[in-house]
Structures are given as structure tokens and as C-alpha cells.
Amino acid sequence: MGKVLTLLYHRVNELERDINLLAVSADNFYEHMRWLKENYQIVRFEEDWNQLDGEAVCITFDDGYADNFTKALPILKELKIPATVFMSTGNIGKKREFWWDELESDLFCRISKDELELKDDVFGCKWIARNRQERKNLYETLHWLMINNRTKMWNWLQQMENWEDVLEDDRKINYLLDAGEYRALYSPELTIGAHTVNHCVLSKMSVQEQENEICGSKEMLEHMFGNKIEVFSYPFGGRNDYTNDTKEICRKLGFHKAASNFPGIWKENMELYEIPRNIIRNWDKEEFKNKIRRFWKDT
Ligand SMILES: [Zn+2]
């Protein structure tokens, strides 16, 4: 009977700050991949897992950061390991960060004031953020408010832009590439899946809005890469971040598998529109080995 442990990476990079713990260094990523290659069969997310025999591991990335192509892909090519990157398309070619990176840059890069004021008819208030810990708390508060108030998010980010001058150099490491640059780096080791246009919580949207988000990213990626895009991952990916309607939209649009973001192992004949995934952090080889063994044991 086939069993698949799917790993979820976001970035392969070294970042000055990494509030959400999304980055794995290239050295650690290399060690992870080499050890997996020596110890497991590695399958692609798009494959028909019901044909599998025994235990396998699957590598995925969410969001579509440039470093997936510039730093992870050369390692995947060298070791001949397949992986899938689920790309959120709204910022492609825009020289703009994802909103959570923008929030992080706004709060940690530039702002020297102690009091930060955000105007809003419901939430408008002054926050005091005098040191790193207070900024971190503020980041978490605003992150949560933005997830839950997506229509206000852009207005708030705009207000933050005006707090102080933007230093573009601080943000470049978070920018996505443009369509031509992604195409030039593309190689079949790293296949592409969709991850919505604006990376919002789908369960908080109407069915029509969800369909626009999902279909919009699928069509743009198909146009960019000239391939059919047949797999999807839900932004944030927790059980409350999508609904049965979301799964139905994915089925209807021709996706044959979709990835969630809660730990677990997929086993033969299990649901294909809710594949569990296990988040990987910047662990060294020993810690990575222990975590992978633990993931298998916990299920
Ligand atoms: Zn994501």
C-alpha cells in the first residue's frame, strides 16, 4: 500500500529577518535533499499516487519566491529530485512583496518612530512599538487583522508606506521575478501548481470570488509556462482556510489534486483534494532526519 509524506518548503535563502520562519539555507536544503534521496523514493505531487507501492516522500514549495528557481532548482537538478512549486500570481513582475513581507519590511526595516498610527473606522488606533519584541507582537496582531480583513489590507499597507521612506533595496530579496525570468529558469525538475492570485483566505470569500482567484492563477500560469496546470494548494492551507465549495471549484476547474497545510501522511485511496503536508524549517541534517522519522511515526 502506498504512503506519501509531503514536505512543505517556502524559501531557500538566507534572510536578515525571517519572522515567519519560512527560509531554509541552501546548505541545509542540500543536506535535506541528499539524505532523502539516499533513504526514500521521491515522487512528484502530480503523479498518480494510487499506483505507488511502499513509502515515498514528495517535495513542494508554496508561493513561488524567486529563490525557489535561483537557489533550490540547481540543487534539485544536481540531485535529480522532482518537486512542485505552487505559485501565487498577483505579484509576478510587479516589483512588490507579498503582503506579509511588506508588513515585515514596514515594521522592521525602516520605521524609527515609537508610536505607529493606523487609521481605520473600526480598528484605527495607535500602537506603541519601542523595541523588537513589541514590533514582533505588533506584526502578529496586524498579520491576524489583515488575514481577517482583506478588503482593508491594501489601505493599511498604503498607510504604512507613508510612515517613512521606502528603501527598495531592503525589499528586493522578497520580490518575485517577472514572467520571462521565470520562463527562462524553468526546468522540468520543478513543476508548477497554482496558489491563487492574491493569496487570501478562500473560506472568507464568496464562491464566485474564490473561483476568480483560483482560475485567475491557473490561467496566468498556463499562459506563462505553456503547460496545463493540474494541481493546486490552498493559501494558508489550514482546515478552516478553505471549504467544500473550494474543493468543488478545484475539481470543476480540472485540478486533480490539492494540497493543504496540516501535518499527516497520505495513504492509498485517501482524499486527493486535501493532501496533508508537513512544514520544514531551517533544520540541520540531524534535526531534519529526526523530524522526518517523527512525521512517519506520528501517523
Ligand atoms: Zn502560500
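**Entry 1: Ile280**

I started at Ile280, which sits in the loop between strand E13 (278-279) and helix H10 (285-297). Helices (H or I, at least four residues) and strands (E, at least two) are DSSP runs numbered from the N terminus. I am working on a predicted model: local features need pLDDT of at least 70, side-chain atom pairs count only at pLDDT 80 or more, and totals for chains, interfaces and linings use all residues. Residue numbers run from 1 along each chain as its sequence is written.

Is Ile280 buried or exposed? Ile280 counts as buried, because it has 21 C-beta neighbours inside 10 Å. My cut-offs: 20 or more other C-beta atoms within 10 Å is buried, 12 or fewer is exposed, and in between is partly exposed, with C-beta atoms placed from the backbone. Leaving out residues up to four places away in sequence, I listed Leu7, Leu8, Tyr9 and Val24 as touching Ile280. A contact here is two C-beta atoms, placed from the backbone, within 7 Å. I also checked Ile280 against Ala184: they are 96 residues apart along the chain, and their C-alpha atoms are separated by 28 Å.

**Entry 2: cores**

Next I looked up the largest nonpolar core, which has 50 residues. Such a core is a set of buried Ala, Val, Leu, Ile, Met, Phe, Trp, Tyr and Cys residues joined through C-beta atoms within 7 Å. Among those with the most contacts inside the largest core are Leu7, Tyr9 and Phe232. Phe232 touches Gly193, Ala194, Ile214, Cys250, Phe255 and Ala258, again without residues up to four places away in sequence. A second, separate core has five residues, including Trp99 and Tyr139.

**Entry 3: helix H8**

Which residues of H8 are buried? They are Gln210, Glu213, Ile214, Ser217, Lys218, Leu221 and Met224. Seen down the axis, they fall within an arc of 135 degrees, so they line one face of H8. The arc is taken over directions from the helix axis to the C-beta atoms. The face turned away from the buried side carries exposed Gln208 and His223. The buried residues pack against strands E6 (83-87), E9 (190-194) and E10 (231-233), and against helices H7 (179-185) and H9 (244-252). Gly226 follows H8, with a positive phi near 70 degrees.

I then checked Tyr186, in the loop between H7 and E9. Tyr186 is partly exposed, because it has 17 C-beta neighbours inside 10 Å. Tyr186 and Phe225 are 39 residues apart in sequence, yet 8.2 Å apart C-alpha to C-alpha.

**Entry 4: positive phi**

Asp63 is not a glycine, but its phi is positive, about 95 degrees. Asp63 belongs to strand E5 (residues 55-63). With 22 C-beta neighbours inside 10 Å, Asp63 is buried. Lys80, also not a glycine, has a positive phi of about 55 degrees. Lys80 lies in the loop between helix H2 (66-79) and E6. Lys80 is exposed, with 9 other C-beta atoms within 10 Å.

**Entry 5: domains**

The domain assignment, automatic or from a database, gives domain 1 (3-93 + 176-297) and domain 2 (99-172). Their C-alpha centres lie 28 Å apart. Six residues from domain 1 and seven residues from domain 2 make the contact.
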